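Dear colleague,

Please find below the structure that I promised to hand over to you.

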Amino acid sequence: MNNKHSLWWQFNPRVSSVWRLTLAFATITSVVLVLCIVLIYQLLLGEQTRQVERRLNAEQVRIEGLANKFDKASFFKQLNIFRNEGDILIFWQNDETQSQGLSFFPNDIPKLPKTVEFPVLDTQRGQIRLLTTGIVKTKHGKVVIATATEHLSRLITEFKTIATWACLLSLVLTCVFGYIFARRHLRRVNYFNNVAEKVQKGDLSARVVHKQKGDEFVTLAKHINTMLQSIEENFALVQGITDNIAHDLKTPLTRLRLHLENEAIKQPSLGIAIEQLESVLHTFDAMLKLTRLEHGQFPLKLEPVNGFTLMSDIIDILEPTAEQNQQHIILHKNHELIFEGDKNLLFQACYNLLQNAIKYAGNHAKITITLSKGSIKISDNGKGVNKQQLSQLTKRFYRSDLARQKDGFGLGLATVKAICDRHHFTLSLQSDENGFSSTISH
Amino acid sequence: MKLLLVEDDKQNREFLYKAFNEQGYTVDTAADGQQALLMATCEEHDIIILDRMLPKLDGLQVLAALRATGKNTPVLILSALDKVDERVAGLKAGGDDYLTKPFAFSELAIRVEKLIKRPSQSTQKTTTVEFENVSLDFRHYKAQINGKPLNLQPKEFKILHFLLEHQSKLVTRTLLFESVWEYHFDPGTNVIDVHIARLRKKLLQHNAHVNIETIRGVGYRLQKAHANE
């Protein structure tokens, strides 16, 4: 159950940090790429555009010079000579544009150094040409000069298309490779996570398998393994110590118990001493058991446990005690309930809950046990506890004011909680004006 | 009946030696693993009581070595380690029963008796137990006092059955609980006392000539009722 929750992100590379880095990297790459393209554009094509403008301006200077030097007739004669040389086209008013082989001329041509670009049909060559033109104002009238820039224009268009594609492709490639890298990376991180999860579940012998030499993951794996090794050793050491304490303590206690028992048969008053001794031992064992449960050292023997049978058995044991308090136990079965769990531990958990209800609900109380789909609820109509106490109940050695008046050591609910946690079940406690209720659900 | 007692603690060993001797057993003792293995393989015993933690050779190693030689003597393991996995390991290694320290001698005695009886019990086909004027037919789940039927709850029946089987003997609470409810769990004194009180009341009401005696801290004993009671 827990696995499903923790694994959903493990196989989704989009939430991994590597993926976020990839996205950041892709953004930076794109910005750098765009900057490079703008620079190349400025250096190559921008220069060519400026060259065209410079040529037109030079031509303008030349024409203005000619206009100042010659009278009108010789000026146009000179222009006629010029226009047949080079790649600059020259037109003037009353001139036959047809003679230049161009289909039309726009009316709104600006004065140089401003220029305008427009397409026109070249009838001589039979193709559409792109002209960059401007007007030169002379004392003999307006002269239009133009130069063909279709090559440049095509170059610019192609450059833009290629640059756009290059940007998109690099972005897509960065993302695709980033995704793949993120997955690969994540698979390795997940492997570490799985090992950590095993350790958390109590398998201290779990280790990360790695190559002898390699990248930072191999170093990390080595460190983790060293750490786990020392934890395992310490654990074994502590385990050994507690086992030894148990052994060293229990051997003299065995002597004591055997002697007391021998004497108690002759002298019944000694029975009280044995009972006290047993109570101490009971607490000692309960504490050891609780510690082992909390640290995942308690191996579970999982089997299907029938909730109804379990509760019936417990009621069977505790009913006479409840009867002594004139309490009434009712078992409701709303649904078939099968737990996958350790029979003895689940027995203990449910036993503790019912025993608590009998102990604290008060005389003449009604105790209801409800088996529903996936949960066992044990509720009573006693006084319950206040909210502050409610959150403290599952802590070890916590005893409410009412509990202090009764036998016990405050380990019962802590043990129930530990058993539920060990099974990944939930224990919820509620208390209101109707009484106290505890629910175990899976 | 010959019994091999393996226990490293001198006082406990001596106490148990004396107690089993009084019960009519011939008792051999061993204080460490090596000695135990030697004695267990060289001589025939009806039962071996084996401590789990022993000097020189660990209890489980002794057991494994003994089983490897093909000896099937019933073995009861005594241990200070009350962990489920320890218990399982003990039984897996070939142990027949497991008792955690500190234990009551009466419980040990009954468990030993049970282990010795076990092989022959399957051939016995008795279905009734009797004591004084109380009789129990456990095949048909019928209890009678002076030939008149006694109405008992299923668990009361089981308790009475267990007590009758061990009549006049001390029966510990945990042993009773284990055989009646079949959970490995210690429910505490009061809970079982209440069950016993109920049964006792029923027996008294039906003029049974038996009484369930409670020996505080030790357990219960089914006895013949005194005439004046």
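In this predicted model, chain A has a mean pLDDT of 82, with 90% of its residues reaching 70 or more. Among the elements of chain A, the lowest mean pLDDT, 45, belongs to helix α1 (residues 2–7), while the highest, 93, belongs to β8(A). Over residues 1–8 of chain A the pLDDT is below 50, and beyond near neighbours in sequence this stretch has two contacts in the model. Where pLDDT is low, the predicted coordinates should not be read in detail. Chain B averages a pLDDT of 84, and 93% of its residues score at least 70; within chain B, confidence is lowest in helix α4 (residues 84–92), at a mean of 76, and highest in β3(B), at 93. For the model there are also two scores, an ipTM of 0.74 and a pTM of 0.61.

Turning to chain A, its secondary structure comes to eleven helices and eleven strands. Of the 442 residues in chain A, buried ones make up 25%, and if we take the contacts in chain A with a separation of 6 or more, 62% of them are between residues 24 or more positions apart.

UniProt, in an unreviewed entry, lists residues 21–44 and 162–182 of chain A as "transmembrane region". In the model, residues 21–44 of chain A are 100% helix and 0% strand, with 34 Å between the end C-alpha atoms. Residues 162–182 of chain A are likewise 100% helix and 0% strand, and here the end C-alpha atoms are 29 Å apart.

Further along chain A there is an open sheet of five strands, in the order β6-β8-β9-β11-β10, with mixed pairing. Because β6 (328–333) and β10 (426–432) of chain A each have a single partner strand, they stand at the edges, and one side of each is left without a neighbour in the sheet. On average, neighbouring strands of this sheet are turned by 15 degrees against each other, if direction is ignored. Helix α8 (residues 343–360) of chain A lies across β8, β9 and β11 of chain A, and runs at about 15 degrees to β9(A).

Which residues have the most contacts inside the largest nonpolar core? They are A:Cys350, B:Ile49 and B:Leu50, in a core of 103 residues. The element that gives the most to this core is α8(A), with ten residues. Not counting residues up to four places away in sequence, A:Cys350 touches A:Leu310, A:Met311, A:Ile314 and A:Ile376. Another core, of 18 residues, lies apart from the largest one, and among its residues are A:Ala67, A:Leu112, A:Val143 and A:Ile145.

Where the two chains meet, 34 residues of chain A are in contact with 32 residues of chain B. On the side of chain A that touches chain B, the elements giving two or more residues are α5 (216–266), α6 (271–294), α7 and α8 of chain A, and the largest share, 13 residues, comes from α5(A).

In chain B, the UniProt annotation "modified residue: 4-aspartylphosphate", again from an unreviewed entry, covers B:Asp51, which is found in strand β3 (residues 47–51) of chain B. Is B:Asp51 buried or exposed? It counts as buried, because it has 27 C-beta neighbours inside 10 Å, and the cut-off for a buried residue is 20 or more. Leaving aside its neighbours within four places in sequence, B:Asp51 is in contact with B:Val6, B:Glu7, B:Asp8, B:Gly59 and B:Leu78.

Lastly, helix α7 (residues 173–181) of chain B is largely enclosed by the rest of the structure, because seven of its nine residues are buried. The buried residues of α7(B) are B:Arg173, B:Thr174, B:Leu175, B:Leu176, B:Phe177, B:Val180 and B:Trp181. Just after α7(B), B:Glu182 takes a positive phi of about 60 degrees.

With best wishes

Note on methods:
Residues are numbered from 1 along each chain as its sequence is written. Chains are lettered from A and ligands numbered from 1 in the order in which they are written. This is a predicted model: local features need pLDDT of at least 70, side-chain atom pairs count only at pLDDT 80 or more; totals for chains, interfaces and linings use all residues. A residue is buried if 20 or more other C-beta atoms lie within 10 Å of its own, exposed if 12 or fewer, and partly exposed in between; C-beta atoms are placed from the backbone. Helices (H or I, at least four residues) and strands (E, at least two) are DSSP runs, numbered from the N terminus. Two strands pair if DSSP finds at least two bridges between them. Axes are lines fitted to C-alpha atoms, for helices over the stretch in contact, and angles run from 0 to 180 degrees between N-to-C directions. Two residues are in contact if their C-beta atoms, placed from the backbone, lie within 7 Å. UniProt positions are given in the numbering used here, feature names are shortened, and annotations may be inferred rather than shown by experiment. pLDDT is the predictor's confidence in each residue, from 0 to 100. A nonpolar core is a set of buried Ala, Val, Leu, Ile, Met, Phe, Trp, Tyr and Cys residues joined through C-beta atoms within 7 Å.
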